[in-house]
Amino acid sequence: MLNILPFLKSLLSIPGLSGYEDPVARLIQAEWQPLVDELSLSRLGSVHGFKRGAGADPRPSIMLAAHMDAIGLMVTQIEDGFLRITPIGGVDPRILPGQAVVVHATGADAKEDLPGVIVMPLARLLPPDNGNDVVDIAHLFVDVGLLPSKVASLVRVGDLVSFGAEAVEMSGEIVSGHSLDNRASVTALTLCLQELQSRSHTWDVWAVATVQEELTYGGAVTSAFQLRPDLAIAIDTTFAKGPGANGWQTFPLGKGPTFGRGPNIHSYLFKQFKELAERLEIPYATEIMPESSGTDGMAMQITAEGIPNFVLSIPIRYMHTPVEMVGLKDIQRAGRLLAEFIAGLELDFMSTITWDD
Ligand SMILES: [Zn+2]
């Protein structure tokens, strides 16, 4: 198995907030170029990697979707050289003060990104109900350390602000950093493509890095419509067990991916993945998704006349914070499972699908 750490770390060091995925899309295209037969972008900017199957024409196809967008912030006002901010996606304001950020400045004199930090006023300067509790994002600022006149020429309202902290390699093959949701899954999908280099597969494969999952599922729904695959798999992150998180909706970190079970997932595919993991002796957990999966799978399942869908997730701790945490082994396991599933797909697989569980 290839060393996935360098690619994962490069993914974590590059911006790509929801709706503005271009920088990360370019990195993914460069990585996928030698791994696929054709590479293109959807009209909304999702990356489509096409890997031709060996079966006779017309071949069925499978779409593997991992969203590449990340949560972050946007500048709403500039006050005396300090930047007011608002979230893009589900940012928890409790973790913001003290964070290192990068301001992607687009003002008239801007030539490069500006490093900054998120700061908050002294408690006594805040409204009484906000002094000692979580400080509302409306009271937070980004300080880029420059004079107001300089800031005015560099930064514009609407500029993007992404998390700036470097990923941390921890003991036990654990990595912590921002944007592991969902760059961990993009890495797993890339591993799957690498593994498929030496495996024959009859089906066509569409590897898709989708845009805008955190906001609208807009990338998944439009790419599924355009590519019209026979099957679709969403690869995303889920909640790992951690401090204060031990219920049935959480899963051990580094102990295997999860298989979604619920109305958003075709039960036959769930069964197939379970059997596959057991045969390969890859650990996994069943993730109950009684309503919606909250992933690209929701959009793909109800595209066109409907697409049988599966949701494969990688547990991470501290979801939607700058210190998300993932087990590298789980990324490898997810990539391997995807590749093995694809390699095992017979040309007539669609006619074998049943609802009898
Ligand atoms: Zn996600």
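This is a predicted model: local features need pLDDT of at least 70, side-chain atom pairs count only at pLDDT 80 or more; totals for chains, interfaces and linings use all residues.
Student: Which residues of the largest nonpolar core touch the most other members?

Tutor: In soluble globular proteins, nonpolar side chains tend to be buried together. The largest core here has 76 residues. Those touching the most other members are Ile 62, Leu 64, Ile 233, Ile 331 and Phe 341.

Student: What does Ile 233 touch, leaving out residues up to four places away in sequence?

Tutor: Ile 233 is one of the residues with the most contacts to other core members. Its partners include a run of neighbours in sequence, Ile 62, Met 63, Leu 64 and Ala 65.

Student: Which residues are the protein donors of the zinc ion?

Tutor: The donor atoms lie 2.0 to 2.3 Å from the zinc ion. In sequence the donor residues follow the spacing H-x113-D-x54-D. Asp 181 belongs to helix H4 and Asp 236 to strand S13, so this pair, 55 residues apart, links distant parts of the chain. With the atoms named, the donors are His 67 (NE2), Asp 181 (OD) and Asp 236 (OD).

Student: Which residues line the largest cavity?

Tutor: There is one cavity of 30 Å³ or more, and the largest cavity holds about 30 Å³ of space. Its lining has one nonpolar, three polar and two charged residues. The zinc donor Asp 181 is part of that lining, which consists of Ile 71, Ser 179, Asp 181, His 320, Thr 321 and Glu 324.

Student: Which elements do the buried residues of helix H5 pack against?

Tutor: Helix H5 spans residues 218-227, and its buried residues are Gly 218, Gly 219, Ala 220, Ser 223, Ala 224 and Leu 227. After H5 comes Arg 228, with a positive phi near 45°. The buried residues of H5 pack against strand S2, strand S3, strand S12 and helix H7.

Student: Which element gives the most to the lining of the largest pocket?

Tutor: The largest pocket has a volume of about 410 Å³. Of its 22 lining residues, the closest to the centre are Thr 238, Phe 239, Glu 287, Ser 293 and Gly 294. The elements giving two or more residues are S13 and strand S15. With four residues, the one giving the most is S13.

Student: How many nonpolar residues does the lining of the second largest pocket have?

Tutor: This pocket holds about 290 Å³ of space. Of its 21 lining residues, the closest to the centre are Leu 12, Ser 13, Ile 14, Phe 163 and His 178. Helix H1, strand S6 and strand S9 each supply at least two lining residues. Besides seven polar and four charged residues, the number of nonpolar ones is 10.

Conventions
Residues are numbered from 1 along each chain as its sequence is written. Side-chain values use heavy atoms; hydrogens and water are left out. Donors are N, O and S atoms within 2.8 Å of the metal (3.2 Å for Na, K and Ca); water is not among the atoms, so sites may look incomplete. A nonpolar core is a set of buried Ala, Val, Leu, Ile, Met, Phe, Trp, Tyr and Cys residues joined through side-chain atoms within 4.5 Å. Buried means under 20% relative accessible area, exposed over 50%, partly exposed in between (1.4 Å probe, protein chains only). Contact means heavy atoms within 4.5 Å. On a 1 Å grid over the protein atoms alone, a cavity is a set of points where a 1.4 Å probe fits but cannot get out, and a pocket is an open set with protein on both sides within 12 Å along at least five of seven lines; lining residues have an atom within 4 Å of a point. Grid points are joined across faces, edges and corners, and a volume is the space filled by probe spheres set on the points. Ala, Val, Leu, Ile, Met, Phe, Trp, Tyr, Cys and Pro count as nonpolar, Asp, Glu, Lys and Arg as charged, and the others, Gly among them, as polar.
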